[in-house]
Structures are given as C-alpha cells and as structure tokens.
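Please read the report below alongside the sequence and the 3D structure, and take the strands in turn.

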Amino acid sequence: MSHDNPQHRSAMSSPSPMSSLETFTCVRCGLTVAAYAPDGSRRNHCPSCLHSQHLVDHVEGGRSDCEGRMAPISIAVLRTGDWMLVHRCTRCDELTSNPVRGDDNQLILMRMAVRPLAQPPFPLEAFGDL
Amino acid sequence: MTRRKPRRGSGRRPQRAKDVLHGPAGTRGDAFRCVGCRLDVPLAAPGTAHRNHCPSCLVSLHVDGRVPGDRAAGCRGRMVPLSLSVRQDGEWMLIHDCLACGRLSANRIAGDDNALALVRLALRPLADTGIPARAMLAL
C-alpha cells in the first residue's frame, strides 16, 4: 500500500476493485485517508481537516510543481444546491474548487459557511427593514 | 476561537504596485464598463485601490493571469461572484468564477459594493435547508 504517491489525488479515473485500497496522507494533520469516499468518488482533500495539496495546475493545466498545502477558505453553492469547497494554496495563492464529500468534517464546513456573517463589514440590522 | 499566528513571519506581504490599463486601446483610462449590467464604473473606490468588479452587480472580467493587474489572460470571459471568504483580519474577499474557462480569483470587497448582493451571497450556503440542517444535526 503506497501512502505518498502524489499521483493519487490528480488522477480522475473510475475506481477499480484494487484502487479502492489506495490511500494518501494528509499534509496537515497526517491522517491516512482512503483515496475514494464511501460513495465511490475520488476525494482530493482530507475529510478531517479539509486541507488539500496543490498538485494540479488549474491555470495552464497538467501537473503543478508547487505541491504546497491548500487551506479551505470558503463554501460555494452550485445551482444544483451542492456545496463546493474553495481551497487556496498557502505557497502560491492559487484557488481551486472541489465538491464536498459526504464524510467531510461538518463542524469545519458549518464554521466556514457562517464565518462571513460573524464579522459583517456593515451593520446587518438594516436588512430587517427591507 | 483561537487566533492562528500569521503565516509569513511579520504579517502579510505588502501589495504589489500595479499600473492597470482600463481604457479601450490599452490606455490608462479612469473608468470601465461592467460586462454584466453595463454600468460605467469609476476606478476610484472607497476602501480599495484595486477595484476589479462592478459595485452594483459584482460581476468582473477575466483579463489577469496569475498576478493581479498583469493583463496576461486572453480569456476575457465574464466572472460571476461565486462565494465569500473571510481573511484572518475579518476582511471579506469575493471569489469570482470565470464562466468561460472556470478560473477562480479573489478580490477584496470595496466600500461601495452592493450590500444586498453581498449578504445574499453570504447567505447562499445557509439558504438551502438540506445540507446545513443535516450538518447541525450531525454535530
């Protein structure tokens, strides 16, 4: 079983019986994570701390040589109502978005979703009168 | 909530100096026209020196590459506001998503940005009762 092959998270192939045993190690919390979520989809971030690793170059495509740690910064909502997790690379500041998996840490997700409302840049009382 | 220590030693790096061309033929210009609502937007904005989106509909245009202000992208697609992120110091950042190529970019909100549009964006994850309700029950 290989734990540190970085190709695991960039490949987008359908799971075969053998690849369901694939794992990767989270770059932040060190958790050994199965590369496939329980619903059979490939994951690219740690379900515990939601951090990811910068392995795909989204500007020019292909593999990125940055390999920096990517921290979750916000929640985006698709038209379908599904949540996407926006990551920012702590080394080169590139942004990526990835779908939220069913077993992701709900506490961190909810904390990020309500974070803007905790510190609004303008008073929110006026919106009650609208 | 505990504050994490700033990751770059003595805080954030200073902003890069940018000389951004907003005019029609590569001229300096003092205004741009929004691709979303056709509003004429002056470049002078309260609270920021790097306005890149319309204060009324929050739509931006994909012209920059990796570095803000470099005008290196040939895409020129419409960038719609996707989500809001909060920096360590409490500043709201607007995440834009290019409709043409899917590129994401972040920009600080300006002082005259449409507050209703911003709050609607901030409430979007909580508007749908499915996932948040399930998350709260799981805690």
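Two strands pair if DSSP finds at least two bridges between them, and strands themselves are DSSP runs (E, at least two residues), numbered from the N terminus. The model is predicted, so local features need pLDDT of at least 70, side-chain atom pairs count only at pLDDT 80 or more, and totals for chains, interfaces and linings use all residues. Residues are numbered from 1 along each chain as its sequence is written, while chains are lettered from A and ligands numbered from 1 in the order in which they are written.

**Strand S5 of chain B**

Strand S5 of chain B covers residues 92-98, and because six of its seven residues are buried, S5(B) is largely enclosed by the rest of the structure. Here a residue is buried if 20 or more other C-beta atoms lie within 10 Å of its own, exposed if 12 or fewer, and partly exposed in between, with C-beta atoms placed from the backbone. S5(B) pairs with strand S4 (residues 78-86) and with strand S6 (residues 104-108), as the table sets out.

| Strands | Bridges and direction | Residues between | Glycine with positive phi |
|---|---|---|---|
| S4(B) and S5(B) | seven, antiparallel | five | B:Gly90, about 90° |
| S5(B) and S6(B) | five, antiparallel | five | B:Gly102, near 80° |

Each pairing forms a hairpin.

**A loop residue**

B:Pro68 sits in the loop between strand S3 (60-61) and S4 of chain B. B:Pro68 is partly exposed, because 17 other C-beta atoms lie within 10 Å.

Conventions. Helices (H or I, at least four residues) and strands (E, at least two) are DSSP runs, numbered from the N terminus.
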